Each structure stands twice: as C-alpha cells, then as structure tokens.
Amino acid sequence: MKEIDWSKLSFGYMKTDYNVRCYYRDGKWGELELCSEETLNIHMAATCLHYGQEAFEGLKAYRGKDGKIRVFRPQANAERLQSTCRGILMPELSTEKFCEAVRMVVKANERFIPPYESGASLYIRPLLIGTGAQVGVHPASEYLFVIFVTPVGPYYKEGFNPIKVLIDRDHDRAAPLGTGHVKAGGNYAASLTSAEIGHEKGYPSVLYLDAKEKKHIDECGAANFFGIRDGVYITPKSHSVLPSITNMSLMTLAAEMGLKVEQRPVDYDELGTFDEAGSCGTAAVLSPIGSIYDPLTGHTFVYNDGKPGKWSEKLYHRLRAIQYAEEPDTYGWMVAL
C-alpha cells in the first residue's frame, strides 16, 4: 500500500480493501458477505435509480489514545436507518445485523484507520438501495445493503476555524411533510444547487429557512444548526430537520456542562441574538459559524467577532476527547471492536 500522509487527508473517497454486502430476497435478509469489488451490478429498472428508494448513513471509527479502535454510536445510526426505511418503504435491517456489518467492515480495513495523533478517522458509509426491477411506482421486492469505508480528514478545509454561511431563500432542502426527517438521498440531491451557489460566492455552507413560511431556521447545509445565547443551547426542531446523532450528543454534553437545552422551532429573528452559532454532523463534527450573510437584507450576522465561541470549543473538545478515548465515555457511546 502506498504510504498515506494522514495529516493531509481530505474528506473524500480512497479505495480500501473490502466492503460488506447483504441481500434482501424472498422477504428476508441474507448473510453478510465480505467483498473486494468496488462496483455494483444492478438492474437498469431498479427502484433506486427511478423512484429514489435509497437510504444511507454516516458514522466514524477512531483509533484511540490507548490504541484501541472504537466506533461512535452505531446503534443510533442503525435506528435512524430503520426510520428512513419506514419513511420510503424499504425492509428494515436489524440493529444487530447493522452493527455486525460495521464491525466486520472496520476490522477488514483496519490498516486504513488513521493513527491517533493524526486527528483523522475512518468514515463508514452504509448504503441501502432498492435493486428489484420495477416500472410502476411501487416498492422493490429486492434490496442491497452495502457498507464501505474510507479514511478522512476535516470536512471543511477551515477545520475548526469558523465558516461563513449564506442564507438561501430561493431553494428548499425538503418539503414540510416530506422526507427531511429521514436520511434519503433525494434530500441531498435537492441541496446540490444551493451548495454550488454558496461555494461560488465563497461560502462553505448555506442556511435553509423553512419551506412553508421562510420564518424559521431549518438546516445548515447537510448539517444541523445550533445557536448559544445566555447559557442556552438552542437547536431547531422540525419534521424537515434530520435528527443528527452528533447534535443529540452535543445536547447531552451541553446539559452536562450546565447549559440549558432547547430543541424547538427557531425564528429567523433570533439569528441576531445568539452569542455563538455552529453546524454539526458526523462529517464535520462541530463547525463554528463566524458569520451568516442574508442577501435579501444585505445584513451580516457576526458571532463572537468571527472567532470560535467558548462553548463551541468546550463542546467540540469534549466530544472529540470521548471519541479518541482521551476522557472517560460515561455514556457508553463508543463501541470497541
């Protein structure tokens, strides 16, 4: 294997040794299979290609300070995948089989797990697709579950430095009663135009407002949004917002640190009242937001003079310390292999 410069890893795909696959046929899931092939051979009439029967997850494995390998909250990812399956009518994979597949693929690619000192991690991507041929708009009869892995560095090139965010009123990520609350691929297809517009204007991320009234904060790109004000951690609650496992973890840690936690509809007008703001998710973990620009009004909301806020720093470092076994995992989040 070519020597990997772990310190220069981007958040991108790198070929690894194996992936894990499991087929759903005749009304039941088969056995997990280890595979070295990177491509999928599927029917041209597969429902994933025509009707969006596609779900995915994202989680990470870490090499801890003690040298052991641990995965962050795989049970929560299994449960969220099951929720997505219910949302777009796909057969649910049991939590036990999901976690077994995660364990199998990580162990098979152990040589690609970055060393502790690098600050990088092994990204794990479960994928579930409808493979049965179907011309009418109906659920498939056959499905394929795949997990592949790849070593990754920071999601944003800024790392933990604050990002600039652009408000986008011209596009919606998800409809109010649509699929925003599940991790279906169509939600991300809907966000590509906004993301590209933001990048062209120099903004690593865009902020969506609710699709119905444009009065409430929705998501921040492909991540959850949070704001901190007067000792309160505030994050949007909506059917259009994906329940982020990272955000759930940060809310737990915020309460542990003495912050009050509010998960509720967050008005646009509150953007000017926060002491700190950030986005959070598996890929970026926690990215402080330095500023949010609203092209409609021409106003820029600036947080903590464009620097990481004290609570954002505390939350980020506490979560990372748990993930890398630098501090005790009192919540049982880390699953050792």
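Predicted model: local features only at pLDDT ≥ 70, side-chain atom pairs only at ≥ 80, totals over all residues.

Colleague: Why are helix 2 and helix 3 called oblique to each other?

Modeller: Helix 2 (residues 74-87) and helix 3 (residues 95-108) pack at about 125 degrees, with axes 9 Å apart. Roughly perpendicular covers 65 to 115 degrees and roughly antiparallel needs over 145. The pair is therefore oblique. The crossing of helix 2 past helix 3 is right-handed.

Colleague: Which residues make the contact between helix 2 and helix 3?

Modeller: Helix 2 supplies Pro74, Gln75, Asn77, Ala78, Glu79, Leu81 and Gln82, and helix 3 supplies Thr95, Phe98 and Cys99. By class, the residues of this contact are 5 nonpolar, 4 polar and 1 charged.

Colleague: Why are helix 6 and helix 7 called roughly perpendicular?

Modeller: The axes of helix 6 (residues 245-256) and helix 7 (residues 310-323) cross at roughly 110 degrees and come within 10 Å. The class runs from 65 to 115 degrees, so helix 6 and helix 7 are roughly perpendicular to each other. Helix 6 also passes helix 7 in a right-handed crossing. On the helix 6 side the contact includes Leu250 and Leu253, and on the helix 7 side it includes Leu315 and Ile322. This contact divides into 6 nonpolar, 2 polar and 2 charged residues.

Colleague: What makes up the largest nonpolar core, and which residues touch the most other members?

Modeller: The core has 38 residues, and those touching the most other members are Trp29, Phe98, Val102, Val106, Ile124 and Phe145. Elements giving two or more residues include strand 1 (19-25), strand 7 (121-130) and strand 8 (143-152). Helix 3 gives the most, with 6 residues.

Colleague: Which residues does Phe98 contact beyond its neighbours within four places in sequence?

Modeller: With those neighbours left aside, Phe98 is in contact with Leu59, Pro74, Asn77, Ala78, Leu81, Leu93, Pro126, Phe145 and Ile147. There is also a second, separate core of 24 residues, with Tyr62, Phe160, Phe226 and Leu253 among them.

Colleague: How do you know whether Ala61 is buried or exposed?

Modeller: Ala61 has 0% relative accessibility. Buried means under 20%, so Ala61 counts as buried.

Colleague: Where does Ala61 lie, and what does Ala61 touch?

Modeller: Ala61 is in strand 5. Not counting residues up to four places away in sequence, Ala61 touches Ile69, Arg70, Val71, Val106, Ser121, Leu122 and Ile124. From Ala61 to Ala222 the C-alpha to C-alpha distance is 20 Å, and the two are 161 residues apart in sequence.

Terms used. Residues numbered from 1 in each chain as written. Heavy atoms only, no water. Axes fitted to C-alpha atoms, helices over the stretch in contact; angles between N-to-C directions. Helix = DSSP H or I, 4+ residues; strand = E, 2+ residues; numbered from the N terminus. Parallel < 35°, antiparallel > 145°, perpendicular 65-115°, else oblique. Left-handed = near helix turned anticlockwise from the far one by under 90°. Contact = heavy atoms within 4.5 Å. Nonpolar A, V, L, I, M, F, W, Y, C, P; charged D, E, K, R; others polar. Core = buried A, V, L, I, M, F, W, Y, C linked by side-chain atoms within 4.5 Å. Buried < 20%, exposed > 50% of the residue type's maximum accessible area, 1.4 Å probe, protein only.
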